[in-house]
Amino acid sequence: MFDLFNKGEEKKVEYIELIYDLIFVYIIGKNNILLHTMQNGFIAPSALLTYILTAIIILQVWYSNVIFINKYGSNGLQENIAIFINMYLLYYMADGVRNDWQEYYMRFSVAWALILANQLVQYLIKYKKVGALMPAAKRQIMRNVSVLAVQIVIIAASLPVFKLTGVALSPLAMIVGIILVSLSGKSNELVEGDFAHLTERVMLYVVFTFGEMIIAIATYFEGGFSPRSVYFSACAFLIVAGLFLSYGFVYDNVINREMQTSGTGYMLLHVFMITALNFTTAALKFMRAEEVAAVPKNIFIVASIATYFIFLFLTEKYAIARCRGSKQFFAVIISISALFAALMALLYQNAFLSIAVTVVYIYSVFLYLYINVKKVKKAAE
């Protein structure tokens with residue numbers, strides 16, 4: 001394995017990386033607007049599909065850049081210029097995130113292809129810098145170049161197809177990209193990254209995502225002061241705080257940040273975790289929306305929060321050995337989750353009780369996690 005550019009030192013998250021991430025937070029926030037297109041008491045299917053595809057595409061672009069910086073980044077002038085170019089192009093992608101996306105498809109797709117091409121060029125530059133004694137690193141770089149090239153070709157080919165038929169094929173590039181990365185398997189380990197840097201970078205993006213959620217629940221504090229408004233605003237705040245506490249506790253106490261790994265799987269887990277958090281943000285807004293029917297409203301919040309916890313606990317692969325969950329631990333978590341889903345199904349027409357059940361569920365999971373990890377750590381002392 002080769003750590004090409006870190007020279008044995010832990011890589012720090014640079015300011016330009018944080019600014020870059022803020023652009024993605026802006027796009028995701030803009031994308032969340034799609035979830036407010038209602039049809040028969042719930043999100044219009046076309047808007048939901050557009051939201052899901054756009055969210056994963058945007059996160060995949062972010063994922064690719066994070067992996068590149070983590071393994072090969074040196075915070076040089078040329079790399080920073082490339083990041084700024086991509087930041088500029090991301091605004092064009094953001095402009096195409098809307099219900100009438102068909103009018104902006106060409107702009108969105110061309111900007112997406114140029115961002116991937118920019119990333120491909122960065123990999124080729126690094127390829128030239130890798131010495132003859134690092135064949136494994138060269139193989140890894142060319143695998144990444146191949147994945148990016150295939151995606152670019154698919155996007156480019158989709159442009160005339162869309163112009164002639166109106167059929168949008170560019171999402172195939174996203175799907176193929178995920179498949180190719182997943183099939184890489186052990187080859188992703190050829191070049192060792194800085195897992196501590198990777199976890200910190202991802203953690204900061206999660207924090208930004210929670211920032212979007214905090215802004216979203218501001219609507220719970222509108223409409224005057226009354227016992228009902230205080231109750232719902234307090235519950236909404238507790239939900240966000242509880243979800244954040246769970247992530248923060250796992251990050252600080254469970255994840256082994258000194259692990260020797262490429263971190264590719266850790267990143268993929270976070271792509272879906274962040275998507276689930278964005279769905280939770282929308283679900284919290286739906287809880288107050290009268291135009292959203294009770295059944296889909298409750299299904300949405302149960303599915304989004306459950307998905308978040310599923311991917312959060314899947315990160316145990318990267319946990320400190322003694323802090324990994326036992327079969328008993330996961331059995332209890334599954335039982336609590338099943339009870340949560342059942343109660344939400346029974347109380348779907350009662351928003352007052354539904355939001356209370358949600359709060360109790362989130363803190364039950366957090367407290368059980370907290371008690372188990374603290375017990376294991378104490379026993380190891």
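**Figure 1. Cysteines in the predicted model.** Zero disulfides are counted in the structure, a disulfide being a pair of cysteine sulfur atoms within 2.5 Å. The model shown here and in the other views is a predicted one. Two cysteines are picked out in this view. Cysteine 235 has a relative accessible area of 7% and is therefore buried. Cysteine 323, at 9% relative accessibility, counts as buried as well.

**Figure 2. The fold that surrounds the close-up views.** Twelve helices and two strands make up the secondary structure of the protein. Read from the N terminus, the order of the elements is α-β-β-α-α-α-α-α-α-α-α-α-α-α. The C-alpha trace extends over about 70 × 65 × 35 Å along its principal axes. For 381 residues, a compact globule would have a radius of gyration near 21 Å, and the 22 Å of the protein agrees with this. Of the 381 residues, 51% are buried.

**Figure 3. Helix H2 and its cover.** Helix H2 runs over residues 45-72 and contains 28 residues. From the first C-alpha of H2 to the last, the helix reaches 40 Å, close to the 40 Å expected at 1.5 Å a residue. Most of H2 is covered, with 22 of its 28 residues buried.

**Figure 4. Asparagine 75 in the loop between H2 and H3.** The loop that lies between H2 and H3 holds asparagine 75. Most residues other than glycine have a negative phi. In asparagine 75, by contrast, phi is positive, near 60°. The relative accessibility of asparagine 75 is 36%, so the residue counts as partly exposed.

**Figure 5. The salt bridge between glutamate 17 and arginine 201.** Side chains of opposite charge can pair when their charged atoms come close. The structure holds five salt bridges, and one of them joins glutamate 17 to arginine 201, with the closest N and O atoms 2.7 Å apart. Because glutamate 17 belongs to helix H1 (residues 15-32) and arginine 201 to helix H7 (residues 195-216), the pair ties together parts that are 184 residues apart in sequence. Both partners count as buried: glutamate 17 has a relative accessible area of 3%, and arginine 201 has 0%. A network of salt bridges links Glu17, Asp21 and Arg201.

**Figure 6. The salt bridge between lysine 126 and glutamate 79.** In this view the side chains of lysine 126 and glutamate 79 meet in a salt bridge, at 2.6 Å from N to O. Lysine 126 is placed in helix H4 (residues 105-129) and glutamate 79 in helix H3 (residues 77-95), so the pair ties together parts that are 47 residues apart in sequence. Lysine 126 and glutamate 79 are both buried.

**Figure 7. The salt bridge between arginine 98 and aspartate 95.** Arginine 98 and aspartate 95 bring their side chains together in a salt bridge, with 2.8 Å from N to O. Arginine 98, with a relative accessible area of 23%, is partly exposed. Aspartate 95 also counts as partly exposed, at 23% relative accessibility.

Figure 8. Val167, Leu169, Leu172, Ile175, Ile179 and Leu183 make a nonpolar surface patch of about 520 Å². Leucine 172, one of these residues, lies in helix H6, which covers residues 171-184. With 42% relative accessibility, leucine 172 counts as partly exposed. In an α-helix there are 3.6 residues a turn, so residues three or four places apart point the same way.

**Figure 9. Phenylalanine 208 in helix H7.** Helix H7 contains phenylalanine 208. The relative accessibility of phenylalanine 208 is 22%, so the residue counts as partly exposed.

Figure 10. The loop between H1 and strand E1 (38-39) contains isoleucine 33. Isoleucine 33 has a relative accessible area of 57% and is exposed, the cut-off for this class being over 50%. Between isoleucine 33 and leucine 198 there are 29 Å in space, C-alpha to C-alpha, and the two residues are 165 residues apart in sequence.

Technical notes
Residues are numbered from 1 along each chain as its sequence is written. This is a predicted model: local features need pLDDT of at least 70, side-chain atom pairs count only at pLDDT 80 or more; totals for chains, interfaces and linings use all residues. Side-chain values use heavy atoms; hydrogens and water are left out. Buried means under 20% relative accessible area, exposed over 50%, partly exposed in between (1.4 Å probe, protein chains only). Patches are made of residues with over 30% relative accessible area and no salt bridge: like charges are joined within 9 Å, nonpolar side chains (Val, Leu, Ile, Met, Phe, Trp, Tyr) within 5 Å. Accessible areas come from the Shrake-Rupley method with a 1.4 Å probe; for residues, only the protein chains shown count as cover. A salt bridge is a side-chain nitrogen of Lys or Arg within 4 Å of a carboxyl oxygen of Asp or Glu. Helices (H or I, at least four residues) and strands (E, at least two) are DSSP runs, numbered from the N terminus. The expected span of a helix is 1.5 Å times one less than its number of residues. The radius of gyration is taken over C-alpha atoms; the globule rule is 2.2 Å times the number of residues to the power 0.38.
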